[in-house]
Amino acid sequence: MSLRALLEIRLLPAILVAAIVIILPLFFPSAYYYRIGALVFIFALAVVGLNLLMGFAGQVSLGHAGFLGIGAYSVAIGPVHFGAPSWLCLFVGAILSGAVAFAVGRPILKLKGHYLAVATLGFGLLVAIVLTNEAGWTGGPDGMNVPALTLFGWRVHGSDAWYWIAGATFVGGFLLALNLMESPTGRALQAIHDSEIAARVLGIDVARKKLTIFIISAMYASVAGSFLALFNGLITPDVAGFLGSIELVAMVVLGGMGSIFGSLVGAAVLVVLPQVLTIFHEYEQALLGLIVMVFMIFLRQGIVPSVTVALAGWRK
Amino acid sequence: MMILEADRLAITFGGVRAIDGVSISIASGQVFSIIGPNGSGKTTLLNLVSGIYTPLDGSIRLAGETVTGLAPDQLARRGLSRTFQNLQIFSHMSVLKNVMVGRHRHERTGILADLLHWPSVARQNQATREAARVALARVGLADLAERPAGSLDYGALKRLEIARALASEPTVLLLDEPAAGCNPVETQEIDHVIRSIVKEGITVVLVEHDMRLVMNISDRVHVLARGRTLAEGTPQQVRSNVEVIEAYLGVHGSQEAAHAFD
């Protein structure tokens, strides 16, 4: 009984999210919705990773699209220039992103707050510039075509196939993040967020923990970037650009800092809203901005934490 | 046996010698108090001993091993923990989780095990939770375990910090003004907690303004003034030391000194 109770509490959010992935297509009126769904899960995966860094460990990154770019170009350059299988390039890209995060994170994670923000911003810009300038490898500003993913002889194409792959991977990433937060490492990260000095006098190696979570969040972004490239079949350096990084941060904050489920909500809102708002034509961007502002004014802790607090208060 | 020794420590801030040639030698299992007027360098001395500041000069030995220049987390893993004058609570976490973080140095897992929630992690979480509950019970906070730490009142937060440090099973515990801002009842509770800590053989280094608490509980009292050692001895010796009284009345001139030695 106690084991079952434990299991229920711990895995409940992941089961819920899996249920959402499975049930959602029942309400899709056309294949186009699979495409939007796949994009939501791909971005949500990157946002979960960034949320571990920002929401839990309290370290900002304004350059996370850089890792999205490394993942995306890995599955483009690998197969095109080296003839390597896409799935292998996805893993290599994730490891490469982790290695880059290790090298970049060691010096810059010593910085705090705004200084860290600017340093990570610089990193993101650097990746975007390299991807733009190394035209021989990357196709330059026009980008390059990405060969389709082949798994066990099955050539993955079509929005519905990608909906299921992205959805399943998101549930996996969601579960790992959930596990992490209920572990010694997760507690240490949350402690660092609230008081670095108290964490240190309790024996936590703060620099090492920050680096660990930076690497993990980079790998989440990298996998998401690879999926994005494989799904779209075309990739340009914009994927690693400043706007991409800002969008990821906005998704984290909008959904709720430190809420893993909020990552899905934040990604869903910022992927779906622009689609809905296209009916307003030239006012699309302005309305999107306005709606995001209104969300933040009324749900200032982000959507999921604010709604949770409101529901808890209402039930009393 | 001397568990904690500092030899001629010195540190300067902007040319001011905040601590100037202070030596302390603390026997295992004692309550060693550091007192002195405001600005005399008490907290600076604690920050030096706990690795938050690196001394400009001098050396520190913990259990016979030279630890000068080690970082706070390295010292914590060698059994030295502390609390803070201005509280350093993990306010987004529950009371219980705050104390669970205190168990960090006893937890043995890797990042892969943590991500995959291997059985070892589940077992360890359980052991950590139980040890944290024991630590909470020791400071009388067992009933508040599931509350958000940010919702506790001041006196309870002071005890929560002590519980968190205790959970790390230190050999030396530095308490920076545990009774500051506490009412007499809360101070009495802190007094009981410190006594129970000492009973377990943990050495306590206490920085405190509440002279009644200091004089009641200490084995030795070290008096600082303007970053230098003014006197050291048993509470009785220090109380009768004329220089000490002058340092308080002359520099400080406060009611605190008046009621400290009445």
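**From the chain interface to single residues**

In this predicted model, the contact between the two chains takes 33 residues from chain B and 25 residues from chain A. On the side of chain B that touches chain A, at least two residues each are supplied by H2, strand S6 (80-82), helix H3 (95-102), helix H4 (111-116) and helix H5 (119-138) of chain B. Sorted by class, the residues of this side of chain B divide into 13 nonpolar, 12 polar and 8 charged.

Chain B itself is divided by the domain assignment into domain 1 (1-79 + 172-262) and domain 2 (88-169). The centres of these two domains of chain B, taken over C-alpha atoms, are separated by 27 Å. Their contact takes 12 residues from domain 1 of chain B and 12 residues from domain 2 of chain B. On the domain 1 side, the elements that give two or more residues are helix H2 (72-77) and helix H7 (184-199) of chain B. The largest share of that side, 6 residues, comes from H7(B). By class, the side of domain 1 of chain B that touches domain 2 of chain B has 7 nonpolar, 2 polar and 3 charged residues.

The largest nonpolar core has 172 residues, of which A:Ile42, A:Phe43 and A:Ala224 touch the most other members. Helix H2 (residues 32-56) of chain A gives the most to this core, with 17 residues. Domain 1 (1-79 + 172-262) and domain 2 (88-169) of chain B both give residues to the core as well, so it lies between them. Around A:Ala224, and leaving aside residues up to four places away in sequence, the residues touched are A:Ile42, A:Phe43, A:Leu45, A:Ala46, A:Leu68 and A:Gly71.

H11(A) is mostly covered, with 10 of its 14 residues buried. Among the buried residues of H11(A) are A:Leu248, A:Val249, A:Met251, A:Val252, A:Val253 and A:Leu254, as well as A:Glu247. After H11(A) comes A:Gly256, whose phi is positive, near 130°.

Returning to chain B, which strands pair with S9(B), and in what sense? Strand S3 (residues 31-35) of chain B runs parallel to S9(B) and is joined to it by 4 bridges. Within this pairing, B:Phe32 has B:Arg220 as its bridge partner in S9(B). Strand S10 (residues 228-233) of chain B pairs with S9(B) in the antiparallel sense, over 5 bridges. Here B:His222 has B:Glu232 in S10(B) as its bridge partner. Strand S9 (residues 220-225) of chain B is mostly covered, since 5 of its 6 residues are buried.

S9(B) and S10(B) form a hairpin with 2 residues between them. B:Arg226 lies in the loop between these strands of chain B. Its phi is near 50°, a positive value in a residue other than glycine.

The place of B:Ala63 is in the loop between strand S4 (57-62) and strand S5 (65-66) of chain B. With 17 C-beta neighbours inside 10 Å, B:Ala63 counts as partly exposed.

B:Asp7 counts as partly exposed because it has 17 C-beta neighbours inside 10 Å.

Terms used:
Residues are numbered from 1 along each chain as its sequence is written. Chains are lettered from A and ligands numbered from 1 in the order in which they are written. This is a predicted model: local features need pLDDT of at least 70, side-chain atom pairs count only at pLDDT 80 or more; totals for chains, interfaces and linings use all residues. A residue is buried if 20 or more other C-beta atoms lie within 10 Å of its own, exposed if 12 or fewer, and partly exposed in between; C-beta atoms are placed from the backbone. Two strands pair if DSSP finds at least two bridges between them. Domain bounds come from an automatic or database domain assignment. Two residues are in contact if their C-beta atoms, placed from the backbone, lie within 7 Å. Ala, Val, Leu, Ile, Met, Phe, Trp, Tyr, Cys and Pro count as nonpolar, Asp, Glu, Lys and Arg as charged, and the others, Gly among them, as polar. A nonpolar core is a set of buried Ala, Val, Leu, Ile, Met, Phe, Trp, Tyr and Cys residues joined through C-beta atoms within 7 Å.
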